[in-house]
Amino acid sequence: MTERPDDIATVESAMLEWAQNHGDRGVFTTDTSLRIKSWNSWLGIATGLSPAKAIGQPLLELFPSLAERGLDQAYKEALAGQVKILSHSLHRYVLPSATGEEQMPQRGQISPLTGKGRVVGTLTIVEDVSERMATERELRARIAAAERARLTAETASRVKDEFLATLSHEIRTPLNAVLGWTQILQSRDFDKETVRRAIEVIDRNASAQLTLISDMLDMARIATGKIRLEVVDLDVATIVGSAMDAVQPAATAKDVVLTAEFAPNLPTVRADRDRLLQVVWNLLSNAVKFTDPGGRVIVGAAASGNAVCLTVSDTGHGIPAQFLPQVFERFKQADASSARRHGGLGLGLALVRELVEMHGGTVKAESPGVGQGSTFTVMLPVTRADAAAAPPLAAASASMPTLGGIRVLVVEDEPDAREILVQSLTDVGAAVTAVTCAREALAALRDDGNTHTDVVITDIGMPDYDGYSLLKELRKLPEAQGGRVPAIAVTAYATVEDRRRALEAGFVAHIAKPFAPKRLIATIARAVAARSA
Amino acid sequence: MTLTESQRDALVELLNIGFGRAGASLSKLTGQRILLEVPVVDIHPVAQLDASLRKVGAGNVASVHQVFSGPVGGDALLILDPQAASTLKELLTDEPALPLELDASSREVLTEVGNILLNACIGTFGNLLRVPMSFAVPDIDVATLRTVVAKLVASGDAMRYALVVTAGFKLRDASVTGYVVIVLTVQSLTRLLIAVEEWVVREERLS
């Protein structure tokens, strides 16, 4: 079947009409004098010029911005037979948008129209590239975000590696001293002075390791939200005093002068006693650690609005400006190299910030620069007048009580721990019976006849029956068999939660392992005194 | 077919005029000084194009392709390795480039640049031969060189020659190298070379 010429003409004119009204891009033609010959409705919307207004007009006069942007040259070249591509990146747009509207991003293409071997005009196609620009922007943002995430992950992994290296070093160093001296002590008999010195070294190193491990566990508990504060009204001066007492030996050994400057009549703060002590102790020991012999550390406390402002200033090494924003970050130390001069895990200040923030306070670090000392400032909210019911806790008495004549039953499955308990209690005059499990403990209580046990000290974690089961059985006994004897838990289950649980179960006190004998003795004395009262 | 020294010199000189014009258009367009280095010209049977362009690399390349027709007709291509393509785009537009496969804006800029460069080269030949030439709309492809060459070989007479022009762009203290490939039939190439020699004679007479 052959098509008749008029069919072809009909289809062609229909196609032109379609392009005129329904095309998704702008199409216009000019003659060789660049007078507009056709202008589709897409262009009418995009430029605000209807076909009726555009057709017949000289293109470069209708849109002076074309010549201003050098596009008259592109039309000249098109009339000379060349095809011109107008990319969005280099031209932004081809035709300006209707006045007052945001410029539509466009790309364009100008082609010569040829007929019978010569150029008879130009054809311009304009496309809206907004969507493409948005996609590419999005892609760029995603690539940048992925890159940032990669960098963050890399940094985190590096920080963790550094931390692990530090951790392994810091944990091994005190162990080295402890094991070294215990092996030496076992090898033969030494004179008293050597033994005393050895024990002092062992004690110091074991304490240092305990601090490291406590810091780490605290940090982990904070990270998992497992730490709870037992807030009471506290006198800041008392807490600072206790912390200073604890740090004083280290300061003295280093020839660093520790002084306090307290404003009179400080208001009380709502805080957890142990945690606040930990904050102050960390700041103080940090200051002492980074101050050279002959330097000073000054602790100040003053009321400031609704807060108590606590400052710890030193004349020490100072903090490089670029490290200041990171001092409270976990595992960060200004010098993380293996040759660094200062021990520690870099957790102390991170803990300080976490704990202070848990109290609703703030902490900041300032330093004029390296070698010029630094100042840490903690702001703690004061007790509101309506909440100030309880009087501030006084510092614990320092004098060591004795336990002369007090009968203690020690329940501990672990032989070394049992021995330490027996030794430290016998030393202060207690009559100690030691057993290894709950069953033996109950038997001992039943058997002790007329010589009543005054207090039971028990471990919590033991095979078969734990400390809680023991306490439950104990309370079932008649009073004559020790059914109401006070019990104290001494355990490595050392969290605030464990403490709460022990007290709720009926223990009169909960003492975390490793314990300070002084504290255990004082607790026993109190428990016995309370019972006889 | 090989080029004699004088043919090669003449072609270089002619292309250099075209490159000068292309550089000027690009400078005007981008507002920065863009120079095209003196081109290096070589001629190979189209079937050997793959080997002669091996230095472009084994991975994907960006190729801007434009068909031209008239008494002398053929294919013109600008070929850039992806690194050169991205660098060129970034230098010209100040926008970071994404991988070419994803970046329509980059492809579009390269199409415009390729079009300017190819028009300058082919236009020079047209003027020289005093024949009208018409150009199709250029398109850009991101594919391996092997694919690009295979398409060219398959698209026409096997007995064709390729003028390979090494084009160095210099802008903002950086240098980017691309390759212009002009594929001609034996007949078109012969006509071109005759015209080139006539041009040399004319120029010598003038000087």
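**Cores, sheet and chain contact in the predicted model**

Of the 533 residues in chain A, 31% are buried. The structure described here is a predicted model. Chain A comprises 17 helices and 17 strands. Among the contacts in chain A with a separation of 6 or more, 63% are accounted for by residues 24 or more positions apart.

An open sheet of five strands is found in chain A, with the strand order β7-β9-β10-β12-β11 and mixed pairing. Strands β7 (257–262) and β11 (362–366) of chain A form the edges, each of them pairing on one side only. From one strand to the next, the twist averages 15°. Within this sheet, strand β10 (residues 307–314) of chain A runs antiparallel to strand β12 (residues 374–381) of chain A, and the two are joined by eight bridges. A:V308 has A:L380 of β12(A) as its bridge partner. Helix α10 (residues 236–254) of chain A packs on the sheet, where it touches β7, β9 (296–304) and β10 of chain A. The direction of α10(A) makes about 170° with that of β7(A).

In soluble globular proteins, nonpolar side chains tend to be buried together. The largest nonpolar core in the model has 68 residues, and those with the most contacts inside it are B:L117, B:C121, B:V180 and B:V181. Helix α4(B) gives the most to this core, contributing eleven residues. Apart from this core lies another, of 42 residues, which includes A:A243, A:A287, A:V297 and A:V327. The surroundings of B:V180 illustrate the packing in the largest core. When neighbours within four places in sequence are left aside, B:V180 is in contact with B:A76, B:L78, B:L117, B:L118, B:C121, B:V165 and B:A167.

The contact between the chains takes 19 residues from chain A and 25 residues from chain B. On the side of chain B that touches chain A, two or more residues are given by each of the elements α1 (5–30), α3 (82–93), α4 (104–129) and β5 (134–135) of chain B. The most come from α4(B), which gives nine residues to this side. By class, the side of chain B that touches chain A has twelve nonpolar, eight polar and five charged residues.

Methods. Residues numbered from 1 in each chain as written. Chains lettered and ligands numbered in written order. Predicted model: local features only at pLDDT ≥ 70, side-chain atom pairs only at ≥ 80, totals over all residues. Contact = placed C-beta atoms within 7 Å. Helix = DSSP H or I, 4+ residues; strand = E, 2+ residues; numbered from the N terminus. Nonpolar A, V, L, I, M, F, W, Y, C, P; charged D, E, K, R; others polar. Buried ≥ 20, exposed ≤ 12 C-beta atoms within 10 Å, placed from the backbone. Core = buried A, V, L, I, M, F, W, Y, C linked by C-beta atoms within 7 Å. Pairing = 2+ DSSP bridges. Axes fitted to C-alpha atoms, helices over the stretch in contact; angles between N-to-C directions.
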